[in-house]
Amino acid sequence: MRVSAESALVAMRDTVALWHVGQANAAEIVYAACDLLVAGVDGPALRMLAAVSARDVRVDSYEVTVLLESVMTELGLPYFPKESPEGQERALKAMASRVLAGVMPPHELTCWVHQVFGHDGIDLAQPLVELDDVYDYADCTAMTVEDIDAQVLAEAKRLVALP
């Protein structure tokens, strides 16, 4: 089944965002570049990235790092330096969109956010970090897991809607 150019662009954006927080590796970025070419998206920087050997690439490949800004610019996608707050926010939105798509359960999102960002991480992550704590104490409160799930879904919608 052929992937649409739009979904391949979203996949590239999200893979790069997750790479920013150490949740994707350079090989996954190379595969996303290949998927873009298969979907009909083309450009010189994209071709160079897709040509990097995904089998031989390290987690933080210098080749991928050097090409990435050019590729993202060529694709019209935002580029942020690795570990930048903007990159971290993009990763958070990528994971929130997985919950809204039904690919990830709400509790897994809060657990992921808590592990990646913790209580001292970016401000946008804090409501989900706190909801992860609420899951831990659900049996001691009047809230049900379904109530907490609903709050997580509402927060995910809010995050995804942010510009």
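# Exercises on an all-helix predicted model

Of the 163 residues of the protein, 43% count as buried, where buried means under 20% relative accessible area, exposed means over 50%, and partly exposed lies in between, with a 1.4 Å probe and protein chains only. This is a predicted model, in which local features need pLDDT of at least 70 and side-chain atom pairs count only at pLDDT 80 or more, while totals for chains, interfaces and linings use all residues. Residues are numbered from 1 along each chain as its sequence is written, and side-chain values use heavy atoms, with hydrogens and water left out.

## Exercise 1

Describe the secondary structure of the protein, and state what share of its contacts between residues at least 6 apart join residues at least 24 apart in sequence.

**Solution.** Begin with the elements: the protein has 8 helices and 0 strands, where helices (H or I, at least four residues) and strands (E, at least two) are DSSP runs numbered from the N terminus. Then turn to the contacts, a contact being heavy atoms within 4.5 Å; among those between residues at least 6 apart in sequence, 59% join residues at least 24 apart. Finally, the C-alpha atoms fill a box of roughly 55 × 35 × 30 Å, taken along the principal axes.

## Exercise 2

Determine how helices α1 and α4 pack, and which residues make the contact.

**Solution.** First take the geometry: α1 (residues 5–20) and α4 (residues 62–75) pack at an angle of about 145°, with their axes 12 Å apart. Here the axes are lines fitted to C-alpha atoms, for helices over the stretch in contact, and angles run from 0 to 180 degrees between N-to-C directions. Next, list the residues: α1 contributes Leu-9, Met-12, Arg-13, Val-16 and Trp-19, and α4 contributes Thr-65, Leu-68, Val-71, Met-72 and Leu-75. Last, sort them by class, which gives 8 nonpolar, 1 polar and 1 charged; Ala, Val, Leu, Ile, Met, Phe, Trp, Tyr, Cys and Pro count as nonpolar, Asp, Glu, Lys and Arg as charged, and the others, Gly among them, as polar.

## Exercise 3

Decide whether Thr-110 is buried or exposed, and identify the partner of its side chain in a polar contact.

**Solution.** Locate Thr-110 in helix α6 (residues 106–117). Thr-110 counts as buried because its relative accessibility is 0%. The side chain of Thr-110 makes a polar contact with that of Asp-132 at 3.2 Å; such a contact is a pair of N or O atoms within 3.5 Å and, within protein, one must be able to donate a hydrogen and the other to accept it, while residues adjacent in sequence count only if both atoms are side-chain atoms. Leaving aside neighbours within four places in sequence, Thr-110 is in contact with Leu-128, Leu-131, Asp-132, Tyr-135 and Val-152.

## Exercise 4

Find how many aromatic pairs the whole structure holds, and classify what is found.

**Solution.** The search returns 1 aromatic pair, the criterion being that rings of Phe, Tyr and Trp (its six-membered ring) have centres within 6.5 Å, with planes under 30 degrees apart counted as stacked, over 60 as edge-to-face and the rest as tilted. Trp-112 and Phe-117 form this pair, at 5.8 Å centre to centre and 85° between the planes, and the arrangement is edge-to-face. Both Trp-112 and Phe-117 are buried.

## Exercise 5
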